[in-house]
Amino acid sequence: MIACDERSAFTPAHVGVGLRAPHIAEVMATRPAIAFLEVHTENYLGGGPAVAGLERLRHDYAVSLHGVGLSLGGADPLDRRHLMRVKGLVERIQPALVSEHLAWSGGGGAYLNHLLPLPYDESRLEATSRRIEQVQETLGRAILVENPARYLRFRHSPISEPEFLSALARRTGCGILLDVNNVYVSSYNFDEDPHAYLDAMPTGAIGEIHVAGHATNDADGRTILIDDHGACVAEPVWDLYGRALARFGPVPTLVEWDTNLPELTVLLDEAARAERFLRGAQGRERRVVAA
Amino acid sequence: MSSPRELERDFATAILGGPDEAIAGQIQGDGLEPAARIAVYRHHVFVTLTEALEATYPVIVRLVDRRFFAYAADGYIRRNPPVGPCLFEYGESFADFLAAFPPCRDLAYLADVARLEWAMNRALHAEDAVTLDPRWLSAVPPDELARLKLRLHPSLSLLESPWPIDQIWRANQPGADLEATVSLDAGGVRLEICRLEDGVVFRPMTPGTYAFERAFATGLDLQRAMEAARSADPSFDLTHALRELLDRELIVGASASAPSIDNGGPRCKPTPRPC
């Protein structure tokens with residue numbers, strides 16, 4: 001087991017934004033006041049200007065490497081080549097945070113570019129724990145594992161998602177990346193209570209929070225929420241974020257935006273709003289300590 | 001209940017457009033047909049992979065129209081899903097797919113334009129490499145020069161087409177003159193595509209220089225490369241060709257045919273041999 005020092009990588013907790021290709025030049029030129037930048041690991045595993053640019057930004061910003069391709073919840077053994085490339089990038093960039101997802105993304109030689117759901121049962125818990133341990137041993141550091149947005153549940157899935165994530169954290173020492181938008185989306189899609197989800201999460205293991213926008217779609221007459229990262233954070237998700245901070249304390253927070261990418265200032269405004277929530281949570285924490 | 005591997009296989013089959021009965025039986029409806037839930041995932045997979053192909057093949061998008069491109073991409077993704085998680089590595093065989101795609105039969109040049117775009121994409125993301133110090137070359141004894149094998153930059157590739165694909169590419173850049181036309185009778189072209197300091201570039205090559213660089217890519221030594229170049233173009237100028245490769249920092253390694261003076265692995269910085 002690896003000690004999870006990275007959980008306290010940002011003290012005090014601050015807000016970062018997801019850095020996407022169309023914003024890179026502007027961020028390079030204007031160096032906005034933002035605590036950290038999160039990028040998708042898989043976009044930086046080659047050579048050339050992409051990774052060189054990230055290395056330059058690394059001088060001014062903490063970086064979070066957010067992976068989508070390790071398939072931690074998959075049936076196949078870990079893709080060693082991919083893992084070694086991630087390791088190379090981690091060594092080069094020295095990120096403050098490294099995260100992945102509780103999902104699988106392909107198998108048998110096909111990669112489907114999606115965070116696909118797995119049934120939550122004891123055998124998968126065991127297998128996923130082993131893979132997380134392998135990743136952490138290879139990288140020599142703890143990672144954060146994110147709850148995915150879900151659009152379906154399996155008939156056989158006896159463990160709840162918060163229990164599954166809690167057990168992964170307990171068994172492997174990994175932290176949890178709590179995506180409150182995903183909590184909201186999944187809970188809505190299955191008529192579950194997002195507050196109960198938060199209450200079932202362990203208070204000491206949350207290393208980062210994600211907030212993002214979602215879309216409302218119609219599927220055969222039933223409303224289904226889609227985690228498309230394509231809009232401002234929805235009001236109920238801000239409420240849930242406030243509630244998460246009240247429960248977990250001030251946690252580094254990231255505003256994600258991937259589709260219908262707006263001007264950078266819109267993203268920074270969202271980050272400023274999250275920062276106000278965080279300041280409020282820090283104020284509460286200080287009052288508790290003073291009392 | 002199926003095994004994890006069976007469940008993934010059945011899920012992937014349904015996502016890529018195959019039958020979904022096997023996976024549907026594993027899914028809780030929650031007020032919706034399992035097929036409708038699978039469709040949510042399938043939609044994301046196809047939209048994002050189509051976007052990845054659009055990003056790599058913007059000129060093809062322009063040449064065939066975005067809607068037709070999405071139609072072709074759909075067929076391509078079903079048969080050729082990515083094999084790894086780095087999307088900048090996805091789509092290498094798209095040109096071959098287009099070449100065999102019946103609706104594109106009349107656009108004979110299309111596949112070669114796609115090959116050019118793939119070569120540029122490959123160049124953009126190729127591994128970084130340390131350039132060979134020209135002093136190393138001058139330190140090689142003259143009698144060993146002929147047996148020298150040069151390793152060119154990993155971003156470099158060579159492409160030969162019977163169509164003027166460089167002109168077609170230029171005419172389809174943002175801001176290009178919309179009135180300009182490219183005559184397909186303009187003839188073929190040999191191109192060198194690589195990443196220089198300012199970004200990815202391509203340039204037309206003479207038959208000699210093309211044969212020269214191609215020889216190194218296939219592992220031939222300097223003597224054989226020069227012979228290949230001279231047979232393609234008797235006026236080939238060896239010194240000029242070498243000078244250009246050095247000036248543009250495209251030589252990243254060199255080794256002699258004899259193992260005794262091999263300077264090591266592909267990413268090692270070559271060190272001058274002791275005299």
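Okay, some housekeeping. Residues are numbered from 1 along each chain as its sequence is written, and chains are lettered from A, with ligands numbered from 1, in the order in which they are written. As the model is predicted, local features need pLDDT of at least 70 and side-chain atom pairs count only at pLDDT 80 or more, while totals for chains, interfaces and linings use all residues.

Let's start with chain A. Its mean pLDDT, the predictor's confidence in each residue from 0 to 100, is 93, and 95% of its residues reach 70 or more. Residues 1-8 of chain A are another story: there the pLDDT is below 50. That stretch still has 16 contacts in the model beyond near neighbours in sequence; a contact means two C-beta atoms, placed from the backbone, within 7 Å.

Chain A has nine helices and 13 strands. Those are DSSP runs numbered from the N terminus: helices are H or I with at least four residues, strands are E with at least two.

How does the radius of gyration of chain A fit a compact globule? With 291 residues, such a globule would have one near 19 Å, and chain A has 18 Å, so the two agree. The radius is taken over C-alpha atoms, and the globule rule is 2.2 Å times the number of residues to the power 0.38.

Now, where the chains meet: 37 residues of chain B are in contact with 34 residues of chain A. On the chain B side, α3(B) gives the largest share, eight residues. There's also strand pairing across the chains, which takes at least two DSSP bridges. Two bridges join β8 (residues 153-154) of chain A to β1(B), running antiparallel, and Arg153(A) stands opposite Gln28(B).

Last stop, a sheet in chain B. It's open, has three strands in the order β3-β4-β5, and pairs antiparallel. Why do β3 and β5 of chain B each have one side without a neighbour in the sheet? Because β3 (157-161) and β5 (199-204) of chain B stand at the edges, each with a single partner strand. Five bridges join β3(B) to β4 (residues 189-196) of chain B, and Glu160(B) has Arg190(B) as its bridge partner. Helix α11 (residues 207-217) of chain B packs on the sheet, touching β3 and β4 of chain B. Its direction makes about 130° with that of β3(B); axes are lines fitted to C-alpha atoms, for helices over the stretch in contact, and angles run from 0 to 180 degrees between N-to-C directions.
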